[in-house]
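We will go from stop to stop.

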Amino acid sequence: MAYASCLMMLLVFAANAQTLRDPTLPGQGFVTVKAKADNPSLVLNSIVNGQHSYAVINNIILSVGDTISGSGLRVSKISKDYVTLSDGRKLQLFQSITER
């Protein structure tokens with residue numbers, strides 16, 4: 001009898017625990033916005049100037065004329081502190097990096 005009553009109490013507590021809502025979940029009506037696949041985020045990590053200039057974009061080493069994978073964009077120009085892309089965009093390094 002004691003075993004059966006303990007089992008019933010455990011089942012009641014388990015049923016109550018299942019109805020609790022996770023407090024870390026966003027509230028109802030929360031909408032997430034996903035980035036468009038045709039406009040990927042591009043990050044200029046660094047620029048290496050020398051006899052040949054290289055730019056590191058999204059952790060990939062590129063030179064002038066190379067295509068950025070996943071975006072279809074080409075590197076048009078690599079200067080001391082920015083990179084120009086084929087669509088006219090300029091990716092620029094942070095000011096603190098370019099002042100050194």
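A few ground rules before moving on. This is a predicted model, where local features need pLDDT of at least 70 and side-chain atom pairs count only at pLDDT 80 or more, while totals for chains, interfaces and linings use all residues. Residues are numbered from 1 along each chain as its sequence is written, and side-chain values use heavy atoms, with hydrogens and water left out.

**The whole chain**

Show everything as a cartoon. The protein has two helices and seven strands. Helices (H or I, at least four residues) and strands (E, at least two) are DSSP runs, numbered from the N terminus. Along the sequence the pattern reads α-β-β-β-β-β-β-β-α.

Accessible areas come from the Shrake-Rupley method with a 1.4 Å probe; for residues, only the protein chains shown count as cover. Of the 100 residues, 19% are buried. Buried means under 20% relative accessible area, exposed means over 50%, and partly exposed is in between (1.4 Å probe, protein chains only).

Select 44-48 for strand S1 and 54-57 for strand S2. S1 and S2 run antiparallel, joined by four bridges. Two strands pair if DSSP finds at least two bridges between them. Five residues lie between S1 and S2 in this hairpin.

Find Ile57: its opposite number is Ile60 in S3. Two residues separate the strands of this hairpin, and Asn58 takes a positive phi near 50° there.

Select Val48, Tyr54 and Ile61. Together they make a nonpolar surface patch of about 300 Å². Patches are made of residues with over 30% relative accessible area and no salt bridge: like charges are joined within 9 Å, nonpolar side chains (Val, Leu, Ile, Met, Phe, Trp, Tyr) within 5 Å. Val48 lies in S1. It is partly exposed, with a relative accessible area of 47%.

**The four-stranded sheet**

Move on to the open sheet. Its order is S4-S5-S6-S7, with antiparallel pairing. Strand S4 (67-68) and S7 stand at the edges with a single partner strand each, so one side of each has no neighbour in the sheet.

Walk across the sheet from S4. Two bridges join S4 to S5, and Ile68 stands opposite Leu73 in S5. Three bridges join S5 to S6. Here Lys77 has Thr84 in S6 as its bridge partner. S5 and S6 form a hairpin with three residues between them.

Finish at S7, residues 90-92, which has three bridges to S6. Tyr82 stands opposite Gln92 in S7. The hairpin of S6 and S7 has four residues between the strands, and Gly88 takes a positive phi near 95° in it.

**The salt bridge**

Select Arg89 and Asp87. They form a salt bridge, with the closest N and O atoms 2.9 Å apart. The rule asks for a side-chain nitrogen of Lys or Arg within 4 Å of a carboxyl oxygen of Asp or Glu. By this rule there is one salt bridge. Arg89 is partly exposed at 31% relative accessible area, and Asp87 is partly exposed at 41%.

**Into the core**

Last stop: the largest nonpolar core, which has 14 residues. A nonpolar core is a set of buried Ala, Val, Leu, Ile, Met, Phe, Trp, Tyr and Cys residues joined through side-chain atoms within 4.5 Å. Select Leu42, Leu44, Ile57, Ile68, Val75, Val83 and Leu85, which touch the most other members. S1, S2, S5 (73-78) and S6 (82-85) each supply at least two residues of this core. S5 gives the largest share, three residues.

Now centre on Ile57. Leaving aside residues up to four places away in sequence, Ile57 touches residues including Leu42, Leu62, Ile68, Val83 and Leu91. Contact here means heavy atoms within 4.5 Å.
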